[in-house]
Structure formats: C-alpha cells, structure tokens
Amino acid sequence: MADFFHLAVAWDWELDKEFIALLESQMHAHRLLFYSISHHNTHETARRVQRGDLIFGAFLDRASESDEHFTLVSRTVRKTPAHFVNPPDAVYHATDKATMHLEFLTKGIEVPFTIIITPYNKRKEVELTLSDLARLGRPFIIKPANTTGGGIGVIVGAESLKDVIESRQHHKNDKYLLQEKIRPEMLNGHKGWFRVFFIYGLTIPCWWDDDTHRYAMITR
C-alpha cells in the first residue's frame, strides 16, 4: 500500500529551514501529512514515487533550479497526478529577471531604467556606452538574470564599466541586468519596498528590506 502525504516540499537552501519547520507544524496542526525532501532523501524519494508507493497530493519545488538531484525528483513527480504549487514551466519563465523586466514594460508597469547585457560566453565585449552609464547613475545595480534570489550574485554599489566587466564573468552563461538604484521613501518606519506572494488565489503583500532581506507582515 502506498504512503500518502498531503504536501511535499523539496528544499536545499539553509535559510528555508525556519519556513519548512513552520509549514510542517501548521500542516500537523490541521492534521495533514507533510513530507520534506532535502539532500539526504532525493534519490529514495524519486525511486519511491516512480514505483508508485509514495504519493503526494501537492508538491512545492524550492530546489530544482539549483540542484540536478532535485530536478530528478521534480520530473518524477510531474508524471503523477500531484498538484504543483509552483508549476515548473511558470517558474522557469518567471525566474528570468530579464524576461520579466520586458514583460513588465509590455504591460505598462513602471520599472527602474535597465540595460540587459548578453551572456559573456556569447559576447565578450560589453554593449555599453558612456551615455548608458550616465543614465544608470551612480551607484547602480548589477544582477544576473537567472541566479537564484536572496541577493546572490548581486552588486548593489557598482560605479564603473570595470565593475560590469568583472561581474559578468562570475556567471558566464547568464544575462546580466544593469539597473538604476532606487531609494524608496520611508513609511511608518519601513522602507517603501515590497515583496508580494500570490498563492492559490491569495495575494500576500509584505514589507521587505533590500539591505537586511527581512520580511514583515503588512497590517491594516
């Protein structure tokens, strides 16, 4: 007889540990079964799902972007009736910051002035003029388009073309975004900077701080 869990979460980021613990406790409080997939059980999980003796009602993928072992789990689960909280195709599209920047422009959303740079392995020279640099202002932001979040690979205080040349060689197959630095207003002791989650039809806006990377709930 197969083992059934209402929700499985694949994760490998150490800063997710508290989130996973809170999620598991809430699941148990509602008498729902929770299954955690981390580095120690990826292969076992994939094998059991493939055999059909491990079944998930829903699956949240927090890891396959960064680790091929989790990609195997994700692909295996996709062949089952499990519901993906974050569908892989949508995730792949949304995690490319360059693509999403162009999507926002198309939809008429105001965004910081941004220059998208071709990956180093496709073009060694930087397509950047002095007038482009002047429009970015100083300091400006340098960020890879597809490297995972949490500030990884982001340069927040870039000042020169030299910074751009050096930075884009860290992830040679990735596009880079050069963005003007936005300084938000302070609102009730918080920076006017937000992260918004959309989960099962529920929109959850949060305060967010670009220096501390800490979230806070927005009250009425």
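Trainee: What should I know before I start?

Mentor: This is a predicted model, where local features need pLDDT of at least 70, side-chain atom pairs count only at pLDDT 80 or more, and totals for chains, interfaces and linings use all residues. Residues are numbered from 1 along each chain as its sequence is written, and side-chain values use heavy atoms, with hydrogens and water left out.

Trainee: How many helices and strands does the chain have?

Mentor: Seven helices and 13 strands. Those are DSSP runs numbered from the N terminus: H or I of at least four residues for helices, E of at least two for strands. The C-alpha atoms fill a box of roughly 65 × 45 × 30 Å along the principal axes.

Trainee: How many of the 220 residues count as buried?

Mentor: 34% of them. Buried means under 20% relative accessible area, exposed over 50%, and partly exposed in between, with a 1.4 Å probe and protein chains only.

Trainee: Now salt bridges. What is the general idea?

Mentor: Side chains of opposite charge can pair when their charged atoms come close. The rule here asks for a side-chain nitrogen of Lys or Arg within 4 Å of a carboxyl oxygen of Asp or Glu. That gives 11 salt bridges.

Trainee: Which side chain meets K162 in a salt bridge?

Mentor: E166, at 2.7 Å from N to O. For the helix part, the general idea is that an α-helix has 3.6 residues a turn, so residues three or four places apart point the same way. K162 and E166 both sit in helix α7 (residues 161–167), four residues apart, or about one turn. K162 is exposed at 54% relative accessible area, while E166 is partly exposed at 40%.

Trainee: Is R48 buried or exposed?

Mentor: Buried, with a relative accessible area of 16%. Its side chain meets D53 in a salt bridge of 3.5 Å, N to O, and D53 is partly exposed at 24%. Both belong to a salt-bridge network that also links D3 and R51.

Trainee: What about K107 and E103?

Mentor: Their side chains form a salt bridge too, at 3.6 Å from N to O. K107 counts as exposed at 58% relative accessibility, and E103 as partly exposed at 26%.

Trainee: How do I read a nonpolar core?

Mentor: In soluble globular proteins, nonpolar side chains tend to be buried together. A core here is a set of buried Ala, Val, Leu, Ile, Met, Phe, Trp, Tyr and Cys residues joined through side-chain atoms within 4.5 Å. The largest one has 16 residues, of which Y35, I37, F56, F59 and V77 touch the most other members. At least two residues each come from β1 (3–10), β2 (34–37), α2 (42–51), β3 (54–61) and α3 (68–78). Another core, of 12 residues, lies apart from it and includes L128, F140, I142 and L178.

Trainee: Which residues is V77 in contact with?

Mentor: Setting aside neighbours within four places in sequence, V77 is in contact with V49, F56, F59, A82 and F84. Contact means heavy atoms within 4.5 Å.

Trainee: Which residues of α2 are buried?

Mentor: T42, T45, A46, R48 and V49. The buried residues of α2 pack against β1, β2, β3 and α3. Just after α2, G52 takes a positive phi of about 90°.
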